Amino acid sequence: MRKLIIFLSLFPFLALHAQEQFSLDSLMSLAVENYPKIRETAMIDQKKELAESNHQSSWLPQISLNAQATYQSEVTKIDIPVPNLNIPELSKDQYKIYLEMSQLIYDGGSLKHSRELEEANAQTEHRAIAVELYNLKRRIKELFLQVIMLENSKELIIENINSLDARIKEVDVGIQNGAVLSSVGDNLRAGKIKSQQILSETNFTQEGLLDMLSHYCGIQLTQTELQQPDAQFSPDNNIALRPEYQLLESQKKIVETSDKLTSLQNLPKLSGFGQAGYGRPGLNMLDNDFSGYYLIGIRLYWKPWNWHKVEREQKINRLRQEIITENQNTFTTEVQAELLQIQKEILKYENLMQSDREIIALKGNVVRTAEAQLSNGIITSSEYINQLNEETQAKINAENHKIQLINAKLNYKIALGKL
């Protein structure tokens with residue numbers, strides 16, 4: 001029971017420690033969730049739903065209340081005398097108020113294509129946000145790999161410091177016995193301090209990068225042991241998944257739908273209507289008293305001539321589509337050139353990594369020889385420090401090339417829109 005209580009008391013710490021391991025994908029997801037722009041997606045959907053409701057309501061009966069008061073210079077009258085019949089003269093001031101109900105019967109497909117246009121606009125807005133999120137993921141990737149690269153460098157710098165510590169201990173024994181000059185120890189300690197300075201600078205740089213990652217992801221990242229991604233590479237040239245390309249496709253859809261709406265402007269629209277009103281005169285023009293009335297009917301609206309406005313708008317839409325197509329072609333050319341360049345970078349880092357292994361092995365032999373020579377007083381401490389630093393730098397270069405190869409493979413996926 002006591003062991004269980006101890007485990008439970010440590011559980012928050014254990015859980016926190018488990019949460020300190022982050023993959024690139026997990027940080028990208030956190031950054032996307034924390035990015036303010038992502039909240040616009042719900043607003044875009046809400047706006048589209050409201051617009052859809054408006055389009056649907058256009059097919060419902062429309063009710064309007066109208067009122068009118070006029071004074072006219074002349075009214076209809078009968079100047080022919082009729083025996084035993086007094087025909088009243090209409091008043092020049094006339095009034096009417098009526099309620100009208102109309103029902104759309106045929107609109108030539110305008111409402112259908114209006115809904116399609118609203119859908120295309122919403123999709124374009126979503127894809128514009130996707131482009132921003134795509135660029136955000138690219139920034140997260142850069143920060144993530146820089147942190148890993150610095151962490152690898154720190155481990156090798158610490159290894160360098162430990163090697164100097166070991167040599168300092170050996171030299172101190174010789175100094176105490178009077179076999180080694182104290183300047184040798186001082187020089188080794190100065191080399192150690194220099195390495196510690198580099199380690200400190202690396203720590204500050206890494207902390208700054210972690211602060212930026214924390215800001216983007218909305219969490220406090222304190223553990224620098226991030227999971228190194230295992231990027232795969234397979235040559236491809238299909239960029240249809242790139243959000244920029246998809247955004248251009250959405251813009252093309254908007255133009256296409258707008259062109260359909262434009263072509264419908266020449267079609268007639270048919271609706272039914274009914275009126276119920278009260279006024280002076282009513283429908284009987286010979287009755288000068290206020291009276292109620294009603295009427296029902298069908299209304300046709302057609303504008304057969306518009307001075308070639310529709311034709312010009314259609315030409316504008318065709319030009320807009322051609323411009324978007326040219327933008328797509330330009331974008332495709334640029335990305336394919338980028339893919340070719342990245343492929344060469346992948347080959348470059350693969351070749352560098354092969355030679356790195358040889359360099360490290362050779363530098364290791366030199367350092368082991370230098371250690372023995374330093375112990376026997378054959379070389380100076382400065383020469384040893386130079387050899388040790390060269391080995392450390394060779395190892396750092398190898399680790400950097402490894403991360404740069406991963407970066408190049410991830411850049412290839414990014415260029416294809418597969419990240």
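**Reading the predicted model: contacts, patches and backbone**

User: What makes the pair Glu52 and Arg115 a salt bridge?

Analyst: In this predicted model, the closest N and O atoms of Glu52 and Arg115 are 3.8 Å apart. A salt bridge requires a side-chain nitrogen of Lys or Arg within 4 Å of a carboxyl oxygen of Asp or Glu, so the pair qualifies. The two residues belong to distant parts of the chain, 63 residues apart: Glu52 is in helix 3 (residues 40–57) and Arg115 in helix 4 (residues 110–176).

User: How many salt bridges are there by this rule?

Analyst: The count comes to 20 salt bridges.

User: Why is the group Lys303, Lys309, Arg312, Lys315 and Arg318 called a patch of positive charge?

Analyst: Lys and Arg count as positive, and like charges are joined within 9 Å when their residues have over 30% relative accessible area and no salt bridge; therefore Lys303, Lys309, Arg312, Lys315 and Arg318 are grouped as a positive patch on the surface. One of them, Lys315, lies in helix 7 (residues 309–375).

User: Which residues form the nonpolar patch, and which strands supply at least two residues each?

Analyst: The patch consists of Ile63, Leu65, Tyr95, Ile97, Leu99, Met101, Tyr278 and Phe290, with about 810 Å² of accessible area together. Strand 1 (62–71) and strand 2 (93–106) each supply at least two residues. Strand 2 gives the largest share, four residues, while Ile63 lies in strand 1.

User: How do you know that there is a cavity, and what lines the largest cavity?

Analyst: A cavity is a set of points where a 1.4 Å probe fits but cannot get out. By this rule, one cavity of 30 Å³ or more is counted, and the largest cavity holds about 30 Å³ of space. Its lining is made of Thr76, Lys77, Ile78, Ile87, Pro88, Glu89, Leu90 and Leu286.

User: What sets the backbone apart at Pro281 and at His308?

Analyst: Most residues other than glycine have a negative phi, and most peptide bonds are trans. The peptide bond from Arg280 to Pro281 is cis, with omega near -5°, and Pro281 lies in the loop between strand 3 (269–280) and strand 4 (291–301). His308, although not a glycine, has a positive phi of about 65°; His308 is placed in the loop between strand 4 and helix 7.

Conventions:
Residues are numbered from 1 along each chain as its sequence is written. This is a predicted model: local features need pLDDT of at least 70, side-chain atom pairs count only at pLDDT 80 or more; totals for chains, interfaces and linings use all residues. Side-chain values use heavy atoms; hydrogens and water are left out. Patches are made of residues with over 30% relative accessible area and no salt bridge: like charges are joined within 9 Å, nonpolar side chains (Val, Leu, Ile, Met, Phe, Trp, Tyr) within 5 Å. Accessible areas come from the Shrake-Rupley method with a 1.4 Å probe; for residues, only the protein chains shown count as cover. The place of a charge is taken as NZ of Lys, CZ of Arg, CG of Asp or CD of Glu. On a 1 Å grid over the protein atoms alone, a cavity is a set of points where a 1.4 Å probe fits but cannot get out, and a pocket is an open set with protein on both sides within 12 Å along at least five of seven lines; lining residues have an atom within 4 Å of a point. Grid points are joined across faces, edges and corners, and a volume is the space filled by probe spheres set on the points.
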